[in-house]
Structure formats: structure tokens, C-alpha cells
Amino acid sequence: MKATITTTAMGITEMAQAPQDNSARQTRLVALVIAGTMLLWMAGQQIGAELGLPLKYTLLLDLAALAGFIWALVVTYQIWRKRRS
């Protein structure tokens, strides 16, 4: 992790994070969201099938997983655009 340490006039030490650190943090978050969404979706499908839940609950779970994947796609696109410029 690369950080810049600066000292102000009052002797207070501050650490400013490099832009790459923020991008790396966002990338890790996206990876965790994708993996977590997939695991929760698969577990929800299995539990729903075993309990015999109505299909409307399965659809709700599918839509929630889709929202997680769309969020991850949008953030990944933003990271890509930021790195290009």
C-alpha cells in the first residue's frame, strides 16, 4: 500500500492514500460482492427447493442476485474508465 505522509505547520502528521489504493479497494469489493452474491444465490436456490418455497420467492432471489451483479458490472466499468484516463 502506497501512502504519502505529510506534516502540517502544527506538526500533525497526515497520510494521504494514493489513487491506486482506492482503485484496488474498489476492485476487491467488487470481487467480494460477485463471489458473495453467487454463493448466496446458489444457497438460496438449494434451500428454496428443499423447503418447497413458491416460485415467486425464487424470482425475488433471482432479482436480488441480478441487482448485485449489475452493481458489480457498473462499478467495474467505472474502475476501468478511471484507469484509462
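Start by selecting Leu61, which lies in helix H2 (helices here are DSSP runs of H or I with at least four residues, strands are runs of E with at least two, and both are numbered from the N terminus). Leu61 is partly exposed, with a relative accessible area of 26%; buried means under 20%, exposed over 50%, and partly exposed in between, using a 1.4 Å probe and protein chains only.

A quick word on ground rules: this is a predicted model, where local features need pLDDT of at least 70, side-chain atom pairs count only at pLDDT 80 or more, and totals for chains, interfaces and linings use all residues. Residues are numbered from 1 along each chain as its sequence is written, and side-chain values use heavy atoms, leaving out hydrogens and water.

Now show what Leu61 touches. Leaving aside neighbours within four places in sequence, Leu61 is in contact (heavy atoms within 4.5 Å) with Trp41, Gly44 and Gln45.

Tyr57 is partly exposed, at 45% relative accessible area.

Finally, zoom out and color by element. You'll find two helices and two strands, running β-β-α-α from the N terminus. Of the 85 residues, 13% count as buried. Among contacts with a separation of 6 or more, 49% come from residues 24 or more positions apart.
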